[in-house]
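Reader: Could you walk me through reading charged contacts and surface features from a set of coordinates?

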Amino acid sequence: MSTRIAFLKGHGTENDFVIVPDPENALDLPPAAVAALCDRRAGIGGDGLLHVVRSAAHPEARAMAAEAEWFMDYRNGDGSVAEMCGNGVRVFARYLQHAGHVEEGDLAVATRGGVKRVHIDKEGDVTVGMGRARLPEGDVEVAVGERHWPARNVNMGNPHAVAFVDDLAHAGDLLTAPPVSPASAYPQGVNVEFVVDRGPRHVALRVHERGSGETRSCGTGACAVAVATARRDGADPAAAGTPVTYTVDVPGGRLVITEQPDGEIEMTGPAVIVAEGTIESGWLEDASRRRA
């Protein structure tokens with residue numbers, strides 16, 4: 001007999017997610033099921049899926065359970081597993097607040113990229129401590145058609161290639177992943193950001209997210225862009241001893257990124273729950289079989 005599975009829909013600067021509460025990790029969510037749920041025509045639709053599990057109930061998060069009660073088991077829209085999603089963490093925290101698990105203030109969220117510190121502001125924005133950026137050495141290049149640009153390799157717990165361009169239209173349609181070379185720099189694939197200047201410490205981007213295509217926003221991408229832009233501008237908080245803040249416009253809104261002198265990067269922006277309902281388990285099983 002078909003049963004019902006609860007879900008919610010949320011977004012952070014229009015990077016949208018299907019949210020599946022499953023505290024005891026009782027649901028089987030193979031890649032085909034996730035892809036079916038994230039399908040914008042035949043499913044609910046989303047750039048990714050937030051599987052909400054207690055850390056103690058998930059084998060990948062049990063070691064973090066003493067530090068963070070909840071684990072964000074994040075999946076890309078194609079069903080693949082991802083290390084982190086910055087907008088996803090903000091929406092995940094908003095869901096926990098919406099469900100009554102947490103209140104305004106500070107909390108910790110376990111992710112595959114480690115435990116993230118989150119602050120839910122009484123005015124509505126959510127700030128996430130995104131960790132430190134790593135800047136792997138080596139030249140990287142991004143291409144779209146006949147155009148080629150040097151890119152900055154930035155790792156935010158997931159990989160990014162940041163290219164500065166004259167016009168965001170030069171990124172093309174971003175329906176497929178822009179070629180990045182050398183391929184050996186990103187053995188698991190890469191998120192690609194195209195960036196233009198808007199003003200002093202103010203940039204705008206478009207992004208192709210690995211496993212999801214072009215999205216309206218990418219939180220880790222915005223952080224990678226802020227770090228790459230700061231280094232391009234000669235700003236290094238560790239050397240100067242003072243924080244550096246960039247405003248990053250994404251197609252779905254605006255994020256504010258601050259890099260602290262100790263390297264910690266904080267991202268602030270909105271997070272919204274827009275709907276909730278139930279999924280027929282029979283439909284999900286049938287849709288998963290068709291995709292498998």
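Predicted model: local features only at pLDDT ≥ 70, side-chain atom pairs only at ≥ 80, totals over all residues.

Reader: What counts as a salt bridge?

Author: The general idea is a side-chain nitrogen of Lys or Arg within 4 Å of a carboxyl oxygen of Asp or Glu. Take R4 here: it forms a salt bridge with E280, and the closest N and O atoms are 3.1 Å apart. R4 lies in strand β1 (residues 4-12) and E280 in strand β18 (residues 272-280), so this pair ties together parts that are 276 residues apart in sequence.

Reader: Which residue does E14 meet in a salt bridge?

Author: E14 meets R216, at 2.8 Å from N to O. This pair links distant parts of the chain: E14 sits in the loop between β1 and β2 (15-21), while R216 sits in the loop between β14 (213-215) and α3 (219-232), 202 residues apart. E14 is partly exposed at 36% relative accessibility, and R216 is partly exposed at 38%.

Reader: And what about a bridge with a buried partner?

Author: Look at R40 and D16, whose side chains meet in a salt bridge of 2.7 Å, N to O. R40 is in the loop between α1 (31-38) and β3 (48-54) and D16 is in strand β2, so the pair ties together parts 24 residues apart in sequence. D16 counts as buried, at 10% relative accessibility.

Reader: Which residues are linked with D16 and R40 in a network of salt bridges?

Author: K9 and D47 are linked with them in that network.

Reader: Which residues form the negative surface patch?

Author: For a patch, look for like charges on residues with over 30% relative accessible area and no salt bridge. Here E103, E104, E123 and D125 form a negative surface patch. E104 lies in the loop between α2 (86-98) and β5 (105-111), and its relative accessible area of 49% makes E104 partly exposed.

Reader: Where is G113 found, and what is G113 in contact with?

Author: G113 is in the loop between β5 and β6 (114-120). Leaving aside neighbours within four places in sequence, G113 is in contact with E83 and M84. G113 is partly exposed, with a relative accessible area of 31%.

Conventions
Residues numbered from 1 in each chain as written. Heavy atoms only, no water. Patch = residues over 30% accessible without salt bridge, like charges linked within 9 Å, V, L, I, M, F, W, Y side chains within 5 Å. Areas by Shrake-Rupley, 256 points an atom, 1.4 Å probe, with all protein chains shown as cover. Lys, Arg positive; Asp, Glu negative; His and termini not counted. Charge placed at Lys NZ, Arg CZ, Asp CG, Glu CD. Helix = DSSP H or I, 4+ residues; strand = E, 2+ residues; numbered from the N terminus. Buried < 20%, exposed > 50% of the residue type's maximum accessible area, 1.4 Å probe, protein only. Contact = heavy atoms within 4.5 Å.
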